[in-house]
Amino acid sequence: MSEATTSIRPAAAPCDRGVVIITVSDRGAQGLREDRSGAELEAYLKDHGYPVRRRALVPDEIELIAGELRTAADQIGAGLILTTGGTGVAPRDVTPEATLGVIDRSVPGMAEAMRAASLAKTPHAMLSRAVVGIRGRSLIVNLPGSPKGALENLAALLPALPHALAKIQGDPSDCAAVEGEKV
Amino acid sequence: MSEATTSIRPAAAPCDRGVVIITVSDRGAQGLREDRSGAELEAYLKDHGYPVRRRALVPDEIELIAGELRTAADQIGAGLILTTGGTGVAPRDVTPEATLGVIDRSVPGMAEAMRAASLAKTPHAMLSRAVVGIRGRSLIVNLPGSPKGALENLAALLPALPHALAKIQGDPSDCAAVEGEKV
Amino acid sequence: MSEATTSIRPAAAPCDRGVVIITVSDRGAQGLREDRSGAELEAYLKDHGYPVRRRALVPDEIELIAGELRTAADQIGAGLILTTGGTGVAPRDVTPEATLGVIDRSVPGMAEAMRAASLAKTPHAMLSRAVVGIRGRSLIVNLPGSPKGALENLAALLPALPHALAKIQGDPSDCAAVEGEKV
């Protein structure tokens, strides 16, 4: 983390407070598997008052995942960026590493809270390597790949989410206008 | 952490086993807010047999926080260094990053134990990004900024604290004398 | 972790799925203390169907520990590498730092699960700085130095271990043959 400290005070970024969902899946990106997790997360978020601004689908490649995370944070200015998939221990599961490479500050307590909630249901929950962190004014949360696991983990964060997003945003007057967009 | 491994075996430092409390607060440092957390921590520690050697007050600036941590560990030789404030997710909350930059070794279990204890009371506890680590012969603990949160988190560590401080100190004969001080 | 990302996709390594146990102890390495933890871990693992391929004994020196970890992962191709000892807060406890220096990917949930299970028994459990991570196709787990603590921590992982090792191995056809060995 220490090499990231120079970028901790973010430059002004747009402040669209919507959500971006990034599904990370080799088979999904090849069109071999339907993106059920992305769809179910989107429906769940809408039900809870969080508008989804964009959904993306990338294979399990660090640079492609990191690129989507940067776009969502720096160009779109999303308040919340969720990934689903690639958090396990298989050789191609690298979503946490992609996330560690782009965040300015880690929020370990949210990752711990997700795992503690899941561990009460299944011992396999300890294998989730999910990372939660902040890039600029965006909260990035890694969720598991299965629809059930993704929703369960997100539900564990929900009670703290409004306060988290409000605090991360800081002073709204610091936001840059999104060109050509209503903010 | 890996770049810190060269400094893991500390050079001899003074072994005053007292406590240093560092309050991290922009408004406190400007004189706009009373340092209640620092005062309450000092009283609590004295009640539990830990003499407070020094209290400091710094704004939420990484380099200033890191400088106080280094002074407390390397010049004062404090056994325990507590920070209060700057552990949240707001843009200027950078106490954990300052701490990560000065510690030789992380003690993640103490941070997890603090959050688990607080999470039983409020879901907002998962937003504490507190770090616990060791620099030389000093244990550094990040506590939240509110007096209630700071005391609650410290209380969660108390049962393990005597053993921790004794072990971290290692062989007392390794300590350097503090110049001009009774040790 | 970010500097390790270039090595996340491991080159073909042998796939002996046995266990290597590394005891980390200055006094053990000097012949001043019997390696009870290593012996008890070996017996426990055999009882649970995990063959122990090799046991090693090293002093609390980062480079020596890291060297044994690399040998176990890269030359022996162990599926599971356990260390016992050196996870505490004493000045010479550096097993976690040695482990952080060789892993490609961290598995924080397994370390959290071990500490949470131990913390239910003793507050000193929060002082374990154990790291769990993956190097190539090997899972590396730091266990405490006492036989009781080591077995207790390992037991906390056991329900997730078969799934973890199968997933980490990935496709068995990727394994390189061990020269002169039956795989």
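**Hairpin of β5(A) and β6(A).** I started at the turn in this predicted model: the hairpin of β5(A) and β6(A) has two residues between its strands, and A:G136 there takes a positive phi near 60°. Strands here are DSSP E runs of at least two residues and helices are H or I runs of at least four, numbered from the N terminus. I then checked the pairing: β5 (residues 132–135) of chain A joins β6(A) in the antiparallel sense over four bridges. Two strands count as paired if DSSP finds at least two bridges between them. A:V132 has A:V141 as its bridge partner in β6(A).

A note on conventions: residues are numbered from 1 along each chain as its sequence is written, while chains are lettered from A and ligands numbered from 1 in the order in which they are written. The model being predicted, local features need pLDDT of at least 70 and side-chain atom pairs count only at pLDDT 80 or more, whereas totals for chains, interfaces and linings use all residues.

**Strand β6 of chain A.** I looked at the other partner next: β3 (residues 80–84) of chain A pairs with β6(A) in the parallel sense, over five bridges. Is β6(A) buried or exposed? I found six of the six residues of β6 (residues 138–143) buried, so the strand is largely enclosed by the rest of the structure. Buried means 20 or more other C-beta atoms within 10 Å of the residue's own, exposed means 12 or fewer, and partly exposed lies in between, with C-beta atoms placed from the backbone. In a regular strand the side chains alternate between the two faces of the sheet. Both faces of β6(A) are covered, with A:S138, A:I140 and A:N142 buried on one side and A:L139, A:V141 and A:L143 buried on the other.

**Chain A overall.** I counted seven helices and six strands in chain A, in the sequence pattern β-α-α-β-α-β-α-β-α-β-β-α-α. Of its 183 residues, 54% are buried. I call two residues in contact if their C-beta atoms, placed from the backbone, lie within 7 Å. Of the contacts in chain A with a separation of 6 or more, 76% link residues 24 or more positions apart.

**The sheet, seen in chain C.** I read off an open sheet of six strands with mixed pairing, in the order β2-β1-β3-β6-β5-β4. The edges are β2 (52–58) and β4 (105–106) of chain C, each with a single partner strand, so one side of each lacks a neighbour in the sheet. Five bridges connect the parallel strands β3 (residues 80–84) and β6 (residues 138–143) of chain C, with C:L82 partnered by C:V141.

**How the copies are arranged.** The copies use different surfaces, as 5% of the contact residues of chain A recur in chain B.

**Chain A against chain B.** I found 22 residues of chain A and 19 residues of chain B in the contact. On the chain A side, β4 (105–106), α5 (108–119) and α7 (161–169) give two or more residues each, and α5(A) gives the most, with five.
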